[in-house]
Amino acid sequence: MSFSRYLSDKRFVLLACFAGSLFFTMLLWLFGLEIGEIFLLWICFILMAGGLLLWNYRNQRRCLRHLRDVMDALDQKYLFAEITDIPKSELERAYFKLMKTALKAMTDEVSQSNRLNLEYREFIEQWIHEMKVPITGIQLLCENNKSSVTRKILTQTEMISQGVERALFYARLGSVEKDYLIAEVPLKECVLAVLAQNRQFLIQNNACIHTEMLSGTVYSDRKWLQFILNQIIINSVKYQGDQPPVIDVTSQEQENYITMSVIDNGIGIRESELGRVFDKGFVGSNGRSEKNSTGMGLYLCDQLCARLGIKMEIKSREGEYTTVLLHFPKSEFLRA
Amino acid sequence: MNNILIIEDEKLIREELEILLSNAGFEVSHVTDFENTLTQIKSESPDLILLDITLPGQNGYSLCASVRQFSDVPVLFITGRNTAMDELQALTLGGDDFISKPYNIPILLARINALLKRGQAAKQSNYLEYDGITLNLIAGTLAVNGQKMELTKTEMKIIHYFFEHPGEIVPRLDLVEYLWDNEIHIDDNTLSVNIMRIREKLRALGRGGLIQTKRGMGYKI
């Protein structure tokens with residue numbers, strides 16, 4: 001609040017003062033006071049009134065600054081009214097009461113929607129766990145009665161299973177911090193598990209996957225890492241080119257990083273879209289043209305990587321290849 | 001033969017697991033009366049227990065803890081729940097391994113075998129023989145009358161599968177699946193190339209006609 005704004009707020013008081021003093025000047029002049037004396041009285045009056053205004057201005061400014069500091073220090077800003085002191089003046093107190101009522105309604109609304117959100121998330125998790133039972137049933141039935149039909153059913157089941165898994169991981173995204181188990185994870189083992197999970201889908205798509213150049217271990221959460229790898233490998237097959245998909249999974253050890261790269265021979269990503277593939281809901285020209293893309297896969301991967309401390313990078317040339325690089329940091333004190 | 005006890009309340013999954021495991025050469029039994037699970041475990045003394053977590057009555061965790069009081073039998077948890085907490089709880093209460101549904105069958109069998117300390121290598125001998133041709137699984141060589149030929153890993157696995165199914169028609173897809181289960185991830189075309197190379201090597205050993213092609217069905221030796 002600047003001083004000029006403050007004065008403009010007080011313009012009626014100032015006007016009243018001015019009008020009053022003019023009136024008294026007239027009166028005093030009629031009583032026969034000298035101009036010099038009246039001038040002196042004017043100066044005294046201005047000094048008094050000005051001093052009072054200045055003092056009031058400074059008080060208000062200090063008070064406001066204090067409130068602003070309280071607000072800045074607050075994590076949940078809507079709890080402001082609960083924290084701050086009750087003001088002294090009647091008008092301020094009335095304002096304060098109004099604000100408190102408004103914020104109380106807001107707090108109720110927020111906690112209500114938080115609760116609903118949590119309930120919904122728990123319901124989704126529960127539901128997904130229930131869905132896994134029939135999916136497992138179908139898988140076992142198909143494995144026990146192998147034919148070309150059951151193989152196709154298995155492929156479809158793998159896709160259902162993936163979709164369900166993705167929903168689960170999205171529901172859990174908010175609580176990754178509470179749900180991880182960091183352990184030594186051999187990269188190769190992790191990739192092989194992902195390939196085994198999608199065996200039928202990959203075989204049906206004539207995929208050829210080379211993992212001979214993959215080695216090394218990283219410290220990470222196996223479950224989340226597998227989810228990320230799953231998305232990457234499925235994408236490689238989903239966006240295959242004219243040739244059957246060939247995917248090379250390799251790893252390079254650098255000084256502070258272990259880098260895993262997944263290179264495919266798919267349709268690639270347009271250069272203009274490369275920067276946006278991690279955006280939520282982004283469906284590029286590839287996704288629009290043929291496949292049922294949701295724009296969620298890479299977004300989830302990116303979010304998870306950020307939480308796990310993995311750096312994810314995508315390089316591509318349209319029509320030739322896509323490379324997904326995952327940089328795992330080597331921890332200094334884990335190595336010791 | 002190893003005896004596996006399945007504790008799972010979902011009937012269909014239980015039945016299919018039984019079929020799957022007995023096909024894989026295990027003796028399988030299951031629990032139907034979940035009130036007296038412990039008595040049954042005691043009377044059957046299985047070599048391995050497959051344990052679900054959500055069960056009627058006592059849940060899997062506490063069941064596992066109770067089992068641990070009188071037995072060291074390997075316990076493999078199979079469950080739909082897969083949070084870190086579930087896994088941790090399963091392992092701290094004495095479980096030996098943890099697989100989440102929907103599980104991949106080769107992985108499930110591999111874990112079971114690992115727990116039974118009965119790996120693939122121990123089960124099979126290092127040599128396989130068919131019609132005067134010897135396959136050495138350790139050295140990765142094929143020998144006829146003392147004449148040897150080196151094989152790549154893929155070629156060896158393919159011949160291995162043929163030798164285990166003599167006289168049968170082997171569909172190409174079965175072969176590809178077998179290779180995928182053995183961590184060789186190749187497609188149909190690459191399989192054809194490998195079969196061609198194997199034939200060449202066999203021809204060099206004087207046995208070119210060993211692998212026959214059955215059009216539209218697969219291969220046969």
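A: Start with contact: two residues touch if their C-beta atoms, placed from the backbone, lie within 7 Å. By that rule A:Leu229 touches A:Cys190, A:Val191 and A:Val194, leaving aside residues up to four places away in sequence. The model is predicted: local features need pLDDT of at least 70, side-chain atom pairs count only at pLDDT 80 or more, and totals for chains, interfaces and linings use all residues. Residues are numbered from 1 along each chain as its sequence is written, with chains lettered from A and ligands numbered from 1 in the order in which they are written.

Q: Which residues have the most contacts inside the largest nonpolar core?

A: In soluble globular proteins, nonpolar side chains tend to be buried together. A nonpolar core joins buried Ala, Val, Leu, Ile, Met, Phe, Trp, Tyr and Cys residues through C-beta atoms within 7 Å; buried means 20 or more other C-beta atoms within 10 Å of a residue's own. Here the largest core has 59 residues, and A:Val191, A:Ile228, A:Leu229, A:Ile233 and B:Ile159 have the most contacts inside it. Helix α9 (residues 222-238) of chain A, a DSSP run of H or I with at least four residues, gives the largest share, nine residues.

Q: How do α9(A) and α11(A) cross?

A: Two packed helices are described by the angle between their axes and the distance between the axes. Axes are lines fitted to C-alpha atoms over the stretch in contact, with angles from 0 to 180 degrees between N-to-C directions. The axes of α9(A) and α11(A) (residues 297-308) come within 10 Å and cross at roughly 150°. A:Trp224 and A:Phe227 are among the α9(A) residues in this contact, and A:Leu304 is among those of α11(A).

How values were computed: A residue is buried if 20 or more other C-beta atoms lie within 10 Å of its own, exposed if 12 or fewer, and partly exposed in between; C-beta atoms are placed from the backbone. Helices (H or I, at least four residues) and strands (E, at least two) are DSSP runs, numbered from the N terminus.
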